[in-house]
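Student: Please take one part of this model and look at it closely. I would like the setting before the detail.

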Amino acid sequence: MAVAAETRKRGKSRTTAAAPGPDRGRLERAYRDMLLIRRFEEKAGQLYGMGLIGGFCHLYIGQEAVVVGVTMALEDGDQVITSYRDHGHMLATGMSARGVMSELTGRAGGHSKGKGGSMHMFSKEKQFYGGHGIVGAQVSLGNGLAFSNWYRGSDRVATTYFGEGASNQGQVYESFNLAALMKLPVIFIIENNKYGMGTAVERASASHDLSRNGAAWSIPGVAVDGMDVIAVHEAAQAAVAHCRAGKGPYLMEMKTYRYRGHSMSDPARYRTREEVQRMRTEHDCIEAARARLQAMGLDEAAFRRIDDEVKAIVQDAADFAQESPEPDAAELYTDVLVEG
Amino acid sequence: MATEILMPALSPTMTEGKLARWLKHEGDKVRAGDVIAEIETDKATMEVEAVDEGTISKLLIAEGTEGVAVNTPIAELDGGNGAARPAPVSTPAPVPVSAPASAPVHHHAPVIASLPEEKDWGPTAPITVREALRDAMAAEMRRDKDVFLLGEEVAQYQGAYKISQGLLDEFGPKRVIDTPITEHGFTGMAVGAAMTGLKPIVEFMTFNFSMQAMDQIINSAAKTLYMSGGQMGCPIVFRGPNGAASRVAAQHSQCYASWYAHVPGLKVVAPWSAADAKGLLRAAIRDPNPVICLENEILYGQTFECPTDPDFILPIGKAKVERAGDKVTIVAFSRMVTVAMQAAEALAEQGIGAEVINLRTLRPLDTATVVESVKKTSRLVTVEEGWPYAGIGAEVAMTVIEHCFDWLDAPPARVHGIDVPLPYAANLERMALPQPDWVVDAVKKLL
């Protein structure tokens, strides 16, 4: 997209016109996808509270614009890999809400038949490579996805998401070096939500501009307002075009925010309620998209239709996730090795 | 339509908590995501958010109430638009189930699957282990374009130990890839590539350096098939020299056999002869699972007879009886097969018939071959270069005890590397690694 470079500089959407058109269509889709993730995660939080979801459960609430904006810039066959805060990424790639929610409840209907849980889901069909529980591991693995495109001579692009906390892991820098050395088609997407668990980014990283963390390897980097789905989309289009053209890796720092704790059992005492409230009221990605769509003329009935559609998908997923049986006992022993 | 809001659990172990504070009151309108209350446990204070929109019609639990059980209704919400369905309040509080008090025992020990006898591959010719490994990779790379080799110095330098000699010339830089010295990074990259269906061979200059990459080998390569419910396999080979070489001291002299053999989701092979090396590496490359191939630097230059049939391959999981005997079974792998064979020779001179089993595969273990032999000889001595604690010898001995305890005429014995970091000094190094006379002594104590 021709305006992408300019948009990136501004870090703001150019979508302010009031007329319906392609921009409104795009924003409407983004709004719907972000709302689906938000409602899904709220429901997951509720089911967790009821004891139906166990273990670790990291919600994506607040960060929805990042994965939705990036995904809109991708094409079929482009690969996605991320950390354990992965429910939103799976929904964005088109994996079924039923499959994700029933994996959370540890049921046979889950994407991993109940054997992976919140942090470990995959879909070959949607080119989603997990869902990884070890901080930073997905960055090396993501290079492998890009390597595969390079090896096969395909123009597909790998997108590797990781948090600003992971950005201090050694293998991230090994991966920057390898990707730049081999000119791998990979977009490194740092989701900077300001806190690695309870540690503020300033207390963990001596780098004050994470978008420049690839500078030593001349990896182009851009900082993006990750609460603005259109800004994310347009910046991602430029990144994808760069990688697809064979110019090597690209780095994006998404400045975003998570409203919930690191995981469900995090009381989040390392930040003030006012800070969270300010982000929610002044910078919420869904509210911003809603306001823009209203300005573009989308009426209340249309919003209601979207809300109802999303609510129905989430309720259906929640019902399915409770009705789906637990995995058969025989599943304990399957899938350890590929037989034959 | 009224919906009940339930007391949430903050963690899987929470059963009750204090309703510390209401932030909304009867009659207040709420939207999904609004914080409505704070609850406390002895560990944390958390906010409760509304999941649906509507109006709080009733607060059922007073602020400050302690000991509110999880899933107790704490408030009622009137749906805002009629579309909201009641939260699934009827679900009884599912107590998070940990392991049952008496977990069912599902050990697989009694099952002994015997693989078919090995094919007779016909004529042989002498080659070194080094050539055998190179030939195996070349043959598989010719056969399958998805197979490639990467590692430090594998391409232009032709391999730190010259295992990849000539491969760059034949297959080019796209399939024989020099990496920077960055084990964690390139191993993760190779594992990711394998998840897409490519078949990487990762050469570790020595297995000591695989420790830098162990997270990717175990957490990513070995576990992803299981965690993905069988969707995403990882057809990859990790290979390189393992164990002590000569005078390179503790950090460069370590046996990883028991480390990797411990892990479900991995297969582990440890070739001794050139035929083992060629046949097992070819099988490892074709295997759809992650396979660890533990080679040995000292064996690289040694010559063995190897079948010349271009299709020669060995099955993973099949041990080989290298020498028949009736008084004792000596089980060894990798370079320790040489030690075991020398010991058997010495024992034969004293009229003691020792049967030597070359395990060849450490996981899955060929239990049938070992058990069959011990049933014949009634004595077991294991030989390994690595440390004894939780080692392969311990595993083999326990397997024998489980399967043919009644056939044993003496307790199983282990010969192993001394339980210290390997020293540099020539005399100390020699004292730390198993020698043939150690095996002879161990056998004689059992007779």
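Predicted model: local features only at pLDDT ≥ 70, side-chain atom pairs only at ≥ 80, totals over all residues.

Tutor: For 340 residues, the rule for a compact globule gives a radius of gyration near 20 Å, and chain A has 19 Å, so the two agree. The C-alpha trace of chain A spans about 55 × 55 × 40 Å along its principal axes. Chain A holds 12 helices and seven strands. Of its 340 residues, 59% are buried. Take the contacts in chain A between residues at least 6 apart in sequence: 77% of them join residues at least 24 apart.

Now the core. Nonpolar side chains tend to be buried together in soluble globular proteins. Here the largest nonpolar core has 223 residues. M34(A), I330(B), A340(B) and V439(B) touch the most other members. Helix α2 of chain A, residues 22-49, gives the most to this core, with 11 residues.

Look at I330(B). Leaving out residues up to four places away in sequence, I330(B) touches A340(B), A343(B), A344(B) and A354(B), along with E355(B), V356(B), V381(B), V383(B) and V439(B).

Last, helix α7 of chain B, residues 274-286. Its 13 residues should span 18 Å at 1.5 Å a residue, and the end C-alpha atoms are 18 Å apart, so the length agrees. Buried here means 20 or more other C-beta atoms within 10 Å of a residue's own. By that count 12 of the 13 residues of α7(B) are buried, so the rest of the structure largely encloses this helix. Among the buried residues are D276(B), K278(B) and R282(B), as well as L280(B), L281(B) and I285(B).

Definitions and conventions: Residues numbered from 1 in each chain as written. Chains lettered and ligands numbered in written order. Helix = DSSP H or I, 4+ residues; strand = E, 2+ residues; numbered from the N terminus. Rg over C-alpha atoms; globule rule 2.2 N^0.38 Å. Contact = placed C-beta atoms within 7 Å. Core = buried A, V, L, I, M, F, W, Y, C linked by C-beta atoms within 7 Å. Expected span 1.5 Å × (residues − 1).
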